[in-house]
Amino acid sequence: MSTTFWIQFLGIIFGLIMMYFTFVKFKRKEISSSETFFWFISWILLVLIAIIPSILDFIIAPLNFYRRLDFFVVFGFFVLLGC
């Protein structure tokens with residue numbers, strides 16, 4: 001099995017685990033229903049991108065990234081700098 005498979009597999013597992021934790025937080029009334037909706041959409045997008053990474057090609061191609069991982073590294077830096 002290739003490295004790509006394992007990265008996709010870990011992305012799917014991580015997304016599913018985070019959906020579970022989001023659901024638990026909602027049941028404990030630690031987050032509201034609108035926050036739950038936002039996080040579920042985010043985790044579903046993560047799982048979808050892990051399963052079908054080519055759906056990001058329309059964003060990655062115009063930005064001249066060679067690999068999808070390069071895009072995620074740059075995006076991660078932007079998120080960290082924005083916090």
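With a relative accessibility of 40%, Lys25 counts as partly exposed. This value, like the others below, comes from a predicted model. Lys25 has a charged partner in Glu30, and the two side chains meet in a salt bridge. The N to O distance is 3.0 Å. Glu30 is partly exposed too, because its relative accessible area of 42% falls between the limits of 20% and 50%.

In total, three salt bridges are counted. Another of them joins Asp57 and Arg68, whose closest N and O atoms are 3.2 Å apart. Asp57 belongs to helix H3 and Arg68 to helix H4, so this pair ties together parts that are 11 residues apart in sequence. Asp57 has a relative accessible area of 33%, so it is partly exposed. Arg68, at 32% relative accessibility, also counts as partly exposed. A further salt bridge is formed by Asp70 and Arg67. Here the closest N and O atoms lie 2.9 Å apart. Asp70 counts as partly exposed, with a relative accessibility of 22%. That value is not under 20%, so Asp70 does not count as buried.

The aromatic residues come next. A pair of aromatic rings is described by two quantities, the distance of the centres and the angle of the planes. The count comes to 10 aromatic pairs. One of them is formed by Phe5 and Trp6, and this pair is edge-to-face. The ring centres are 5.1 Å apart, with 75° between the planes. Phe5 is partly exposed at 34% relative accessibility. Trp6 is partly exposed as well, at 42%. Phe38 and Trp39 make another pair, with ring centres 5.1 Å apart. Their planes stand at 70°, so this pair is edge-to-face. Trp39 is partly exposed, and its relative accessible area is 37%.

Phe38 and Trp39 also belong to a cluster. Trp43 has a polar contact besides: its side chain is joined to that of Thr22 at 3.1 Å. Thr22 is placed in helix H1. Is Thr22 buried or exposed? Its relative accessible area is 7%, which is under 20%, so Thr22 is buried.

Phe23 is also found in helix H1. Phe23 counts as partly exposed, at 41% relative accessibility. Along the chain, Phe23 and Phe37 are 14 residues apart.

Two residues other than glycine have a positive phi. One is Lys29, with phi near 60°. Lys29 lies in the loop between H1 and H2. Its relative accessibility is 75%, which is over 50%, so Lys29 counts as exposed. Asn64 likewise has a phi near 60°. The place of Asn64 is the loop between helix H3 (57-60) and H4. Asn64 is exposed, and its relative accessible area is 63%.

The largest pocket holds about 920 Å³ of space. Its lining is made up of 21 residues. Which of these lie nearest the centre of the largest pocket? They are Leu46, Ile49, Ala50, Leu56 and Phe72. Three helices each supply at least two residues of the lining: helix H1 (3-27), helix H2 (33-51) and helix H4 (68-82). H2 gives the largest share, with eight residues. By class, 15 residues of the lining are nonpolar. Four are polar and two are charged.

Note on methods: Residues numbered from 1 in each chain as written. Predicted model: local features only at pLDDT ≥ 70, side-chain atom pairs only at ≥ 80, totals over all residues. Heavy atoms only, no water. 1 Å grid on protein atoms, 1.4 Å probe; cavity = no way out; pocket = protein on both sides within 12 Å on 5 of 7 lines; lining within 4 Å. Points joined across faces, edges and corners; volume = space filled by probe spheres on them. Helix = DSSP H or I, 4+ residues; strand = E, 2+ residues; numbered from the N terminus. Nonpolar A, V, L, I, M, F, W, Y, C, P; charged D, E, K, R; others polar. Buried < 20%, exposed > 50% of the residue type's maximum accessible area, 1.4 Å probe, protein only. Phe/Tyr/Trp six-rings, centres within 6.5 Å; stacked < 30°, edge-to-face > 60°. Salt bridge = Lys/Arg side-chain N within 4 Å of Asp/Glu carboxyl O. Polar contact = N/O pair within 3.5 Å; in protein donor to acceptor, adjacent residues only side chain to side chain.
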